[in-house]
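Reader: Please present the structure and then take me through its domains, its ligand surroundings and its backbone geometry.

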Amino acid sequence: MLPGIIVLLATLLVLVVQYQIEDAFKVLKVHGGLPVHMDLRWSKRAAWLLLIVTGLMMIVPSGVFTPGSSDPALLPQLATFSDDGSWTGPDTSRLALLEDGSEERIRYGRELIARTSAYLGPKGSVAKLSNGMNCQNCHLDAGTKPWGNNFGAVWSTYPKERSRSGKVESIERRVNDCLERSLNGRPLDSTSREMRAIVAYMEWLGTGIERSKKPPGTGIMEIAYLDRAADPELGRVVFEAKCSSCHNEDGQGKLDMEGTTYLYPPMWGEHSYNHGAGLYRLSRFAGYVKANMPQGSTHEHPLLTDEEAWDVAAFVNSQPRPEKDLTDDWPDISKKPIDHPFGPYVDHFNETQHKYGPFGPIAAFYKKP
Ligand code: HEC
Ligand code: HEC
């Protein structure tokens with residue numbers, strides 16, 4: 001802006017001087033009768049042109065004149081991908097490129113995902129409506145880690161019909177689902193500043209991903225079924241060897257110094273997710289853990305075998321945790337996932353097999369025409 005104003009003023013000055021000089025020569029010629037001549041037509045035209053162009057450049061949005069700014073490389077919402085093509089979310093440093101004033105809202109949304117407890121936990125600064133866990137405990141790297149239960153397909157697939165509720169669910173509804181189940185808490189008002197920020201963050205994560213598309217690496221990894229039931233006793237051995245150092249021997253996790261946020265979130269007990277949460281399904285837990293736990297593992301470098309993942313899932317989900325009224329879930333019981341551990345079912349397998357497997361026969365039952 002400033003260079004534009006300087007050019008504008010300088011050009012104006014030059015124009016004024018040119019008119020003055022012309023006038024002066026006219027006076028000398030007409031009144032003084034001197035044979036002088038001065039033609040400044042062309043330089044005046046040049047100055048006028050410069051004046052108009054500079055003026056225009058200052059009125060029209062700067063992006064139009066900066067070369068390459070329509071180049072997708074500079075767009076604020078461009079998604080990034082890892083070497084194997086997995087979605088890793090847009091680069092947060094690009095948020096500064098947003099010109100519509102949404103940067104602050106999106107950053108707040110991201111903050112609420114990463115440090116939920118500080119705002120909405122038992123000692124939350126905004127409201128006290130959840131169990132002290134953070135969304136990020138399960139949606140790693142603020143929901144951008146490949147196979148870390150990320151949010152890559154949220155904006156592109158919601159609103160969508162979900163068989164758990166039998167309804168078309170908005171993003172707000174889906175976020176509240178996790179608040180009420182995974183964070184064993186109460187829902188946020190959909191007009192609240194917090195919900196608007198979370199939705200804005202989801203939108204920003206999803207811009208550039210086509211409607212109904214799921215980028216690679218989104219959600220939770222599917223791992224092969226065992227041909228036996230998952231075994232809580234074998235899982236206990238895995239837990240003690242590979243998990244309890246962080247999540248604590250009693251499974252209650254570890255709080256930070258201020259006691260507001262978990263350094264290591266709880267696995268069970270009154271501060272953990274309730275039995276209506278996604279992780280209570282063995283396939284969700286096993287798939288999440290296989291690609292992400294112990295902390296530091298990735299889908300490319302898992303530290304657990306499939307058997308260990310299934311067994312530790314069986315162990316953790318056989319421990320006590322809060323309950324939720326699930327009577328409205330799966331109004332169409334034929335749509336229950338095979339590892340939903342609460343009947344009634346349209347098949348003949350019991351709740352124990354639906355909880356621990358073996359899942360192969362149940363899956364085969366539903367594949368039959
Ligand atoms: C205890 C773990 C846990 C916590 C904590 C948690 N979630 Fe979830 N969330 C899940 C699981 C499991 C799923 C289902 C994933 C699946 O089935 O593939 C899920 C799914 C979602 C989805 C839908 C994703 C999709 O692509 O359909 C959204 C949105 C979501 N969670 C938002 C949140 C928000 C916001 C918070 C914090 C308020 C939160 N979650 C906290 C475990 C958790
Ligand atoms: C080195 C420490 C460490 C080890 C070992 C570890 N975890 Fe975790 N785990 C974490 C941290 C930290 C988080 C939360 C991640 C975040 O917020 O970014 C987490 C989150 C989780 C979650 C989701 C949140 C919750 O509490 O429900 C589950 C489930 C989980 N871990 C299971 C396991 C299992 C099973 C093992 C053993 C196979 C294990 N972890 C080993 C550090 C660890």
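The questions and answers that follow concern this predicted model.

Reader: Which domains does the assignment give for the protein chain?
Author: The model is predicted, and the domain bounds come from an assignment. That assignment gives domain 1 (2–60), domain 2 (81–206) and domain 3 (232–367).

Reader: How many residues of domain 2 are in contact with domain 3?
Author: The C-alpha centres of domain 2 and domain 3 lie 21 Å apart. Across this pair, 22 residues of domain 3 take part in the contact, and the number from domain 2 is 22.

Reader: Which elements give two or more residues to the side of domain 2 that touches domain 3?
Author: The residues of that side of domain 2 divide into 6 nonpolar, 12 polar and 4 charged. The elements that give two or more of them are α4 (116–120) and α5.

Reader: Why do the buried residues of α8 lie on the same side of the helix?
Author: The buried residues of α8 (residues 171–180) are I171, E172, V175, N176, C178 and L179. Their packing partners are α5, α7 (154–157) and α9 (193–206). They are on the same side of α8 because the arc they cover around the axis is only 155°.

Reader: Which residues come nearest to ligand 2?
Author: The shell around ligand 2 has 24 residues. Elements giving two or more of them are α5 (135–138), α10 (232–242), α11 (244–247) and α12 (282–292). By class, the shell divides into 17 nonpolar, 6 polar and 1 charged. The residues that come nearest are C243, C246, P265, M293 and P294.

Reader: Which element supplies the largest share of the largest nonpolar core?
Author: This core has 52 residues, and I198, V312 and A313 have the most contacts inside it. The elements that give two or more residues are α3 (103–114), α5, α8, α9, α10, α12 and α13 (306–316). Domain 2 (81–206) and domain 3 (232–367) both contribute, so the core lies between them. The largest share, 8 residues, comes from α9.

Reader: With which residues is V312 in contact, leaving aside its neighbours within four places in sequence?
Author: V312 is among the residues with the most contacts inside the largest nonpolar core. Leaving aside its neighbours within four places in sequence, its contacts are G235, V238, F239, C243 and V289.

Reader: Is N137 buried or exposed?
Author: N137 lies in helix α5. Leaving aside neighbours within four places in sequence, N137 is in contact with Y262 and P265. Since 20 or more other C-beta atoms within 10 Å make a residue buried, and N137 has 21, N137 is buried.

Reader: What is omega for the cis peptide bond that joins G343 and P344?
Author: P344 has its place in the loop between α13 and α14 (351–356). The omega of its cis bond with G343 is about 0°.

Reader: Is S212 buried or exposed?
Author: S212 is found in the loop between α9 and α10, and its phi is positive, near 65°. S212 has 9, so S212 is exposed.

Conventions
Residues numbered from 1 in each chain as written. Chains lettered and ligands numbered in written order. Predicted model: local features only at pLDDT ≥ 70, side-chain atom pairs only at ≥ 80, totals over all residues. Near = placed C-beta within 6 Å. Helix = DSSP H or I, 4+ residues; strand = E, 2+ residues; numbered from the N terminus. Nonpolar A, V, L, I, M, F, W, Y, C, P; charged D, E, K, R; others polar. Buried ≥ 20, exposed ≤ 12 C-beta atoms within 10 Å, placed from the backbone. Arc of directions from axis to C-beta. Contact = placed C-beta atoms within 7 Å. Core = buried A, V, L, I, M, F, W, Y, C linked by C-beta atoms within 7 Å.
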